[in-house]
Amino acid sequence: MSKKHVIKNQKGENYIVPPGGSLGLLALGNVGVRAWKKAKKEWEETQNPKLEKE
Amino acid sequence: MKKNKVLLVGWDSADWKIIDKLMANGLMPAIKSIVENGVRGKLATIDPPLSPMLWTSMATGVRPFDHGVLGFVEPDGKGGVRPVSSYSRKVKAIWNMLSIEGYKSNIVGWWPSNPVESINGCMVSNLFHQEKVGKDIVEIDEWKIAEGSVYPERIIEKIKDLRVHPFEITGNLIMPFVPQAVALDKKQDKRLNVIAKLLAHATTVHATATELITSEPWDFTAVYHDAMDHFSHAFMKYHPPQMKGISDEAYDLFKDVVIGAYVYHDMMLDRLLKLVDDDTTVMVISDHGFHSDHLRPTHVPQVPSGPAIEHAPYGIIAIKGPGIKKGESIYGSSILDITPTLLSLYDLPVGRDMAGKPLVDIYENEKEIKYIDSWENRKESGGEIVIPKEHDTDLNDTALQQLIDLGYIEDLNAPHQEAEDYLKGIINENSFYLAKSYSTAAKYEEALEILLEIENKAKPDFRILIEIINCSVKTKRFKLAEEYLTFVRKNKLMNDGYINVLESKVQLGLNNPKIAHKLLQNALNENPDAIEILLDMGRLLNAMMDSNASIKSFELIINKDPQNPYAYHGIGMAYFQLGQYDEAISYFLDAIDRLYHYPLAHFHLGEAFALMKMYEPAIKSFEVVETMTQNIPKVYRWLLDLYEILENQEKIDRYRKLVDYFSRGQRKIITGLATEKVEHFVKDLRESGKTVTGFNKHLYDFSIDLSSPNWLHQLDSDFVFIPLNYLKSQNGFNSYQIYFLENTEEEAMKYIHKLNRIKERTIDIGLLDDLKNQLLVANSWISQQPNIDLIRC
């Protein structure tokens, strides 16, 4: 299992970053895009660890 | 002292019609917060409504013929073409002016802004987020940052990870636009790929802007999004209500895409608003609107820039910030006003050579505007173009491909295209846009000169031919217009209906209203539902004083398009001419209700109020016209007359100055039905040493070349005889002393019969009616003019 990425949303609440992303996340701009890319990358590594090692 | 910041957000093609509905449903809270805490208005676009030209006008305050950005592509100086670039811009942009004054700017995505400029601040060009090489999308791992797309280079490190590639866009992100996306095969249905691409582009621009806003010092940030326009071109046809020809399946799948695009832009705006403080002025603008209702075209013409037919003439403007009015609307704004207004926000001088004006109505308190002759006289560097070390062919191909995909330019690789012809075509196309830019600014002579140069009868382009005919009519070159009409008709370059419409304009210019009417009737027989032709017909009938028929024509339009402001104005004019001013006022108000930025409707409303002796509302109407346009000198004459009645000396002085400024002097005119009495009157004048022009041997032997532009101003005689039916062609630049010789229709008929050697006692009922109508029209027109001294003899 990959660890869950959490960032603050626009209301200041904790928000679990889904690897598939969300429009709300992208609308956060730099912070949202970076958090999403990180979560997506880790999820992809978890799904296909062998490919990453190769 | 703390300097106030300005955040400018550009949403290409954003339209209030959609925004208002979404705000009402709580779906666009960010723009709503600006509207509620600031001012809003419609932003008039300029013709041709093509984005690179418009956004450059916004950033410079001048029209395309002055700023030099013409169309979507430009020659690259090496025999090829490239996307329109910073190289084409001939004047300073707002970011150069701010740099000169020591202000720091972040400019993100502006179209066109590649290659970037070495401004005081940061610049990321409109090609930063492009992921194509030619027709192919590059893989994420091979996606380079194009040279010339980022300034300064040091910021590349912190923004390079913020680019989002369309391949990264997941189903989760598409679902809000197309809830049934899962059921579609992304590889088969290219429409989902379009959404992914536009979403990726918008997100890259936004992420870059937020990074620069939060990590760089700045006084001005400008962020431009083209995605809303591209979403609209691709998906507005699926927007509710369902259009004819759109299948139920496609409608159900894609009806939410445009709404999704608007909502997403509002979410991004919401984030930007949270990143700036209360001392920051925020301005959201669009370059034109987009038809989203019954005005959506059913097909897009297969000509370069054909998709622009979907654009609506008014974009949006919403501003909030310190010193800005709250919850109010502003009127009469144009895209040319953006740079002057931005300069006023920084208390910087506006260039007198700018075509736009600062929007002083946005301010709570009176704003003192400073002026300089021209920012071009400032020799300090406000940023130079950062010329890439190597010519990046891939990057040009990428951007060109995007324009081909959007339907704005033809495909260079199309089998019928030779490179040389293609380049020539591009140059001609840009020249055509230059001519359009001139004619929009009422510079018809300049436009005509260019059009005649690029027109090629061996390869006729109906758009150029139409413009030539229109400009010929405007400059009163009726013979030239007729020559081109004959060519168009002979070669069957347009359908007969449209040719008839054009010819009717020529005939009207030649003062042949009956022939014009017949031509329009023929056109209507072929196209009975054509609103533009019905409008022309209604206006012509008004010009012919056939008010009842005119009202019927305009009512047909209202049945088809109840929101058409021009039809209401037309009916108002019909009642105005009938002297039924209260009815006229009601229709003028209907027109204004549907389109507030309609100077002519306000003007006629003012005239109707004035003629009803309702002086205060008349003044209010004329003063609204004054805020919208400075091109109707008659407005100043009316205001002068009205303030003289009200004995307001301060205003009298003001408008006297303006009338004097515009005045081309007083002309003495002799008119009336042509009779021997008129001939004798002229003879007496001549014998007393006065010069009288207008006719030679007899009153129907005109000596004036009415096809010459500004013919009246070229006459230097003491008096000029003008036949009754030409009186309406006078303008507001002059004041007129009219000697109106009172005659009967019978006397006039007798004069005509004598000239034609017809027996004296012959009665021609048709002729009598015609003469009676001429008297009626002339008397009615004279009674409605503010710049005429009437002497009846």
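Ile31(B) touches Ile19(B), Met23(B), Asp266(B), Leu269(B), Val284(B) and Ala318(B), leaving aside residues up to four places away in sequence; contact here asks for C-beta atoms, placed from the backbone, within 7 Å. The model is predicted, so to speak a computed view: local features need pLDDT of at least 70, side-chain atom pairs count only at pLDDT 80 or more, and totals for chains, interfaces and linings use all residues. Residues are numbered from 1 along each chain as its sequence is written, with chains lettered from A and ligands numbered from 1 in the order in which they are written.

Ile31(B) is also among the residues with the most contacts inside the largest nonpolar core, which has 208 residues. Such a core is a set of buried Ala, Val, Leu, Ile, Met, Phe, Trp, Tyr and Cys residues joined through C-beta atoms within 7 Å, where buried means 20 or more other C-beta atoms within 10 Å of a residue's own. Helix α8(B) gives this core its largest share, 12 residues. Another core, of 21 residues, lies apart and includes Phe695(B) and Tyr751(B).

Helices (H or I, at least four residues) and strands (E, at least two) are DSSP runs, numbered from the N terminus.

Strands β5(B) and β10(B) pair in the parallel sense over four bridges; pairing takes at least two DSSP bridges. Val108(B) has Val223(B) as its bridge partner in β10(B).

Methods: Buried ≥ 20, exposed ≤ 12 C-beta atoms within 10 Å, placed from the backbone. Contact = placed C-beta atoms within 7 Å.
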